[in-house]
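Here is a short briefing to read with the model open beside you. Take a moment to find your way around the chain, then come back for the notes.

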Amino acid sequence: SQSAFQNTFPYWLATNNGVGLYYPYSTGIFEYTVSDGLPSNNITSIGITPDNVIWAGTDTGTKQATGR
């Protein structure tokens with residue numbers, strides 16, 4: 001998987017199971033998937049805007065990765 005590096009937590013991860021949200025002191029990775037509105041779980045790219053908006057590129061389109 002790929003990661004979008006930033007200087008603060010959480011870490012956002014691009015995976016083939018959706019977008020992962022990882023807090024180092026948490027018990028796991030929270031995932032955003034098609035059930036949360038992503039067009040596909042196959043994340044091919046991920047980006048963070050200067051105002052901390054997360055965008056996920058998938059094999060079928062691009063979508064803002066927002067919480068549940």
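The notes below look at one serine and then at a sheet. Please keep in mind that this is a predicted model.

- Start with serine 40, which sits in the loop that runs between strand S4 (29–32) and strand S5 (43–48).
- Is serine 40 buried or exposed? With a relative accessible area of 10%, serine 40 is buried, because the cut-off for that label is under 20%.
- Leaving aside residues up to four places away in sequence, serine 40 touches Val34, Thr58, Asp59 and Thr60.

**Polar contacts of serine 40**

- Which side chain makes a polar contact with the side chain of serine 40? The partner is aspartate 59, at 2.6 Å.
- A polar atom of the serine 40 side chain also lies 3.1 Å from the backbone nitrogen of asparagine 42.

**The sheet**

- Three strands, in the order S5-S6-S7, make up an open sheet with antiparallel pairing.
- S5 and strand S7 (61–64) are the edge strands; each has a single partner strand, so one side of each has no neighbour in the sheet.
- From one strand to the next, the twist averages 20 degrees.
- The pairing of S5 with strand S6 (residues 54–58) is antiparallel and runs over five bridges.
- For a residue-level view of the bridges, look at isoleucine 48, whose bridge partner in S6 is isoleucine 54.

Definitions and conventions
Residues are numbered from 1 along each chain as its sequence is written. This is a predicted model: local features need pLDDT of at least 70, side-chain atom pairs count only at pLDDT 80 or more; totals for chains, interfaces and linings use all residues. Side-chain values use heavy atoms; hydrogens and water are left out. Helices (H or I, at least four residues) and strands (E, at least two) are DSSP runs, numbered from the N terminus. Buried means under 20% relative accessible area, exposed over 50%, partly exposed in between (1.4 Å probe, protein chains only). A polar contact is a pair of N or O atoms within 3.5 Å; within protein, one must be able to donate a hydrogen and the other to accept it, and residues adjacent in sequence count only if both atoms are side-chain atoms. Contact means heavy atoms within 4.5 Å. Two strands pair if DSSP finds at least two bridges between them. Axes are lines fitted to C-alpha atoms, for helices over the stretch in contact, and angles run from 0 to 180 degrees between N-to-C directions.
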